[in-house]
Amino acid sequence: MLDTLIKRARSVRKFKQNAVSMETLEEIASVARYSAATRNLQVLRYLLVADKEVVDKIFPETNWAGYIEWNPCKTEKPTAYIIICKDKDLSITDNLYHFDMGVAAQNMILKANELGYGTCILGAFSKEKITEIVKLDKQYEVGVMIALGDPDEECKIVDSKAGDIRYYRDENGVHCVPKRKLEELIVKKI
């Protein structure tokens with residue numbers, strides 16, 4: 001069951017324009033609080049965005065799909081975001097902050113997928129503009145965003161060929177995500 005959920009939790013880049021409720025965002029964010037955290041400091045904070053006007057302002061500031069020259073258009077955009085922030089009043093190194101963000105993001109992505117939503121972690125955006133749009137208090141620093149909504153595309157895992165890990169869209173428009181075979185990833189068995 002967990003394996004299926006992990007394999008299904010691919011980055012979605014096309015969304016139906018159905019609203020995501022604040023209650024759903026809260027349910028998704030709730031699993032982040034159970035994430036492992038460096039020294040259990042719990043430096044992460046979450047900004048939940050379901051308001052259509054704010055979502056519409058955030059969308060043009062995002063960049064998607066680095067391997068393919070494509071960004072979703074306005075009719076394919078996500079309908080909500082969870083912005084992961086750092087509480088600057090709590091001290092933690094950048095490496096550990098990024099580690100904590102990854103763990104929390106993965107938990108939220110799995111929960112969103114369990115609820116039937118598609119997600120995509122975004123790191124390519126102007127942190128300054130996003131901070132301005134959401135009127136974020138100076139105490140917090142924007143890290144990454146999880147774009148989410150009702151998925152409107154199929155994503156599937158495929159085996160990489162000759163080490164090529166660049167994702168692509170096949171002739172049917174399916175978003176294919178090549179993954180290295182396990183034997184390529186295991187360095188040594190002792």
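**Exercise 1.** Which residues of H4 are buried?

Solution. This is a predicted model, in which local features need pLDDT of at least 70 and side-chain atom pairs count only at pLDDT 80 or more, while totals for chains, interfaces and linings use all residues. Residues are numbered from 1 along each chain as its sequence is written, and side-chain values use heavy atoms, with hydrogens and water left out.

Step 1. Helices (H or I, at least four residues) and strands (E, at least two) are DSSP runs, numbered from the N terminus. Helix H4 covers residues 94–114.

Step 2. Buried means under 20% relative accessible area, exposed over 50%, and partly exposed in between (1.4 Å probe, protein chains only). In H4 the buried residues are Tyr97, Asp100, Met101, Ala104, Ala105, Met108, Ile109, Leu110, Lys111, Ala112 and Asn113.

Step 3. These buried residues pack against helices H1 (2–8) and H2 (22–30), and against strands E1 (44–49), E2 (80–87), E3 (118–122) and E4 (140–149). Contact here means heavy atoms within 4.5 Å.

**Exercise 2.** Describe the surroundings of lysine 111.

Solution. Step 1. Lysine 111 is found in helix H4 and is buried, at a relative accessible area of 18%.

Step 1. Apart from neighbours within four places in sequence, lysine 111 is in contact with Glu27, Ile28 and Val31. The C-alpha atoms of lysine 111 and alanine 29 are separated by 8.6 Å, although the two residues are 82 residues apart along the chain.

Step 2. A salt bridge is a side-chain nitrogen of Lys or Arg within 4 Å of a carboxyl oxygen of Asp or Glu. Lysine 111 forms one with glutamate 114, at 2.8 Å from N to O. Glutamate 114 is partly exposed, with a relative accessible area of 48%.

Step 3. An α-helix has 3.6 residues a turn, so residues three or four places apart point the same way.

Step 4. Glu27, Lys111 and Glu114 are linked in a network of salt bridges.

**Exercise 3.** Find salt bridges that link separate parts of the chain.

Solution. Step 1. The whole structure holds eleven salt bridges.

Step 1. One of them joins lysine 77 to aspartate 56, with the closest N and O atoms 3.2 Å apart. Lysine 77 lies in the loop between helix H3 (52–58) and E2, and aspartate 56 in H3, 21 residues apart. Lysine 77 is buried at 8% relative accessibility, whereas aspartate 56 is partly exposed at 30%.

Step 2. Glutamate 153 pairs with arginine 169 at 2.5 Å between the closest N and O atoms. Glutamate 153 is in the loop between E4 and E5 and arginine 169 in strand E6, so the pair ties together parts 16 residues apart in sequence. Glutamate 153 is buried, at 15%; arginine 169 is partly exposed, at 24%.

**Exercise 4.** What is the order of the strands in the open sheet of three strands?

Solution. Step 1. Strands pair if DSSP finds at least two bridges between them. The order is E5-E7-E6, with mixed pairing.

Step 1. E5 (155–159) and E6 (168–169) stand at the edges with a single partner strand each, so one side of each has no neighbour in the sheet.

Step 2. E6 and E7 (residues 175–179) run antiparallel and are joined by two bridges. Tyrosine 168 has cysteine 176 in E7 as its bridge partner.

Key. Expected span 1.5 Å × (residues − 1).
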